[in-house]
Amino acid sequence: MNMLSETYNIPTALQQKITAEQAFHYRIVPIKATGSGIILKTDSGALKNLLAELRIVLDTPVILEKCGSEELRKYLSTNYRQASPKSNTQLHYTSDFLEKILIDAKQLGSSDIHFEPYEKRCRVRFRLDGKLIEQFNIPLEEYPTIINKIKIKADLDIAEKRLPQDGRISINTHGNEFDIRVSSLPTLHGEKLVLRILSKDTGTLDLDALGFTDKELNRYKEGIRNPNGIVLISGPTGSGKTTTLYATLKHLNSDTTNILTVEDPIEYTLEGINQVQLKENIGLDFASTLRTFLRQDPDIIMVGEIRDVKTANMAIRAALTGHLVLSTIHTNSAWATISRLIDMGVPSFLIASTLNLSVAQRLVRRLCNDCKKESAINETLFPENFVIPENSKTHYEAVGCNSCHHTGYLGRKAIYEILPITNDLMVPIKENHLEIDAHLDEKQIVTLKDNALQLILSGTTSIDEVYSLLTN
């Protein structure tokens, strides 16, 4: 067994072949030194450009091996230390300011960058593991220049400062490819911009690695194996629904299958799948695109989100005519999805006959293993009337250190609630009997609450992080 891969520890002599700054800047870690050079792991998508630059910077022959982003993060956090974000760092305009910010964001694992103007100051915040952290301050006099430069790159109208705008930027720098969605919003003191970093790396899209337990994974795969019907994934914004959908599409993708998607935005580009970007300003909405899809001889259809009854009815029509439909919806639990569809006005008998699987999911922050603190369990920490399992004596709390950028958390884990729509569930759905706790217990359906409690007891996360799930 390769002990290096198992523990993620790199021997000191090998670790010192590159500096911490180089490791985080280029997204590389040394794996093996040979007589003729050094072997490095990276999650970069542009290996050729990166290889050429590293040979010059390191002044030695280099061999690059591709690895997943999660594996690289573990190597970096185990072997190198990166300075925590400095909220008082001044960001000044330079010709490559955007590239520098994007590289910083990627190194920290940020998903969104917020540019925000106020009366006496302007700031930049990064979203790390679902929470915003202030990273830079921008001088008031430089903020308009920085915003205009970003808007130009995103092909937005810099003269229009009264209306919201949306655009897109593609950048390739230092061997890193960035596809960015840009949203501008007029506020009291100027334009606020949010840059959403869309990943081009589909290597991490693997159903087996998303966080399903073995039992949940089997149930999910059984649900998506049906040639027709609807699979709905629910949860709030930022709960990982889209990632689960893309991993599902990648799993189902084959040369013999016609897969069509309509999305807003297209977050991953998948080879062999026909993807359509939503454009509501010209009438290209979910419902009208779905109608066209049915004339395109599809096998599988993915709809980014079911927002209204029109889209829901089109999805049901597609399922009734022999297609597998995948989509997302905003509800709090797998069973609440059915209530939501009924509230929308979808006939309950149609829901019962077309819905294969209802899934609810959340992303939960993991406690940083370098600084988490063990404490005694106290019933006052839990919601009122919550029953704490017997023999549960301790839990872990977030502290904060350099490894986790002083947040107390490092990385996130997806948890799921999988509800197959079986024959014995169809009757209560048709009759609008929405109290099914006994059925969930009988079928041993593990709820989000059950999974959240298990993460607390195993020391994976804190009570504070999953408190809202424990109240359901």
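**Cavity and helix contact**

Modeller: α11 gives the largest share of the lining of the largest cavity, three residues. This is a predicted model, where local features need pLDDT of at least 70, side-chain atom pairs count only at pLDDT 80 or more, and totals for chains, interfaces and linings use all residues. Residues are numbered from 1 along each chain as its sequence is written, and side-chain values use heavy atoms, with hydrogens and water left out.

Biologist: What volume does the largest cavity have?

Modeller: A cavity is a set of points on a 1 Å grid over the protein atoms alone where a 1.4 Å probe fits but cannot get out. The structure holds one cavity of 30 Å³ or more. Its volume, the space filled by probe spheres set on the points, is about 50 Å³.

Biologist: Which elements give two or more residues to the lining of the largest cavity?

Modeller: Lining residues have an atom within 4 Å of a point. Among them are I230, L232, A312, A315, I351 and T354. Helices (H or I, at least four residues) and strands (E, at least two) are DSSP runs, numbered from the N terminus. The elements are β11 (229-234), α11 (309-320) and α13 (348-354).

Biologist: How do α6 and α7 lie to each other?

Modeller: Axes are lines fitted to C-alpha atoms over the stretch in contact, and angles run from 0 to 180 degrees between N-to-C directions. The axes of α6 (residues 97-108) and α7 (residues 143-153) come within 10 Å and cross at roughly 85 degrees. Angles of 65 to 115 degrees count as roughly perpendicular. The two helices, α6 and α7, are therefore roughly perpendicular.

Notes
Parallel < 35°, antiparallel > 145°, perpendicular 65-115°, else oblique. 1 Å grid on protein atoms, 1.4 Å probe; cavity = no way out; pocket = protein on both sides within 12 Å on 5 of 7 lines; lining within 4 Å.
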